[in-house]
Amino acid sequence: MMTGPAIRMDTIFLQNDRIANKARPLNSLLDTATLLEALEHCECHHGDRCRTEKPLELLGTRMINIVERKVVPCPKDCDYIALSYLWGGVQPAVGALEDKRLPQTIEDAITVTRALHRRYLWVRLTI
């Protein structure tokens with residue numbers, strides 16, 4: 001149970017029976033147009049200066065392909081959004097990714113990744 005103010009992101013994946021605990025919708029707080037503008041400016045005006053070499057360890061990780069909703073090996077030139085996520089003891093059920101039943105934080109991160117026109121989400125799990 002939440003004890004303080006919270007925000008949430010309305011998504012098409014929000015299940016009707018999911019309790020939002022009166023959290024304010026994040027959509028009104030998150031301006032993806034501004035984020036996209038900043039990303040596009042960087043890509044157009046900074047070129048390779050903003051691109052860093054991906055560490056080899058990253059290529060050994062797995063990403064969520066948000067279009068296919070599958071976990072895949074990190075593609076070599078992968079442009080991704082990262083989420084650092086603390087599981088908190090909740091483990092998703094088998095098939096949760098495909099069935100759109102991941103914890104809401106991850107579903108929200110998928111929505112943001114899509115809004116930023118990226119295909120891959122790296123969920124860095126901490127225990």
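**Cysteines and salt bridges**

Modeller: Searching the whole structure turns up zero disulfides, a disulfide being a pair of cysteine sulfur atoms within 2.5 Å. Bear in mind that this is a predicted model, where local features need pLDDT of at least 70, side-chain atom pairs count only at pLDDT 80 or more, and totals for chains, interfaces and linings use all residues. Residues are numbered from 1 along each chain as its sequence is written, and side-chain values use heavy atoms, with hydrogens and water left out.

Colleague: OK, switching to charges. How many salt bridges are there in the whole structure?

Modeller: The search finds five. The criterion is a side-chain nitrogen of Lys or Arg within 4 Å of a carboxyl oxygen of Asp or Glu.

Colleague: What does R119 pair with?

Modeller: R119 bridges to E68, with 3.3 Å between the closest N and O atoms. That pair links distant parts of the chain, 51 residues apart: R119 is in the loop between helix 3 (104-115) and strand 6 (120-126), and E68 is in the loop between strand 3 (62-65) and strand 4 (70-73). Helices (H or I, at least four residues) and strands (E, at least two) are DSSP runs, numbered from the N terminus.

Colleague: How accessible is R119?

Modeller: R119 is partly exposed, at 33%. E68 is partly exposed too, at 45%.

Colleague: And what about E107, which partner does that have?

Modeller: R69, with the closest N and O atoms 2.8 Å apart. This is another link between distant parts of the chain, with E107 in helix 3 and R69 in the loop between strand 3 and strand 4, 38 residues apart.

Colleague: Is E107 buried or exposed?

Modeller: Buried, with a relative accessible area of 1%. R69 is buried as well, at 6%.

Colleague: What about R101, where does its side chain go?

Modeller: The R101 side chain meets that of D99 in a salt bridge, 3.1 Å from N to O. R101 is partly exposed at 37%, and D99 is partly exposed at 47%.

Note on methods. Buried means under 20% relative accessible area, exposed over 50%, partly exposed in between (1.4 Å probe, protein chains only).
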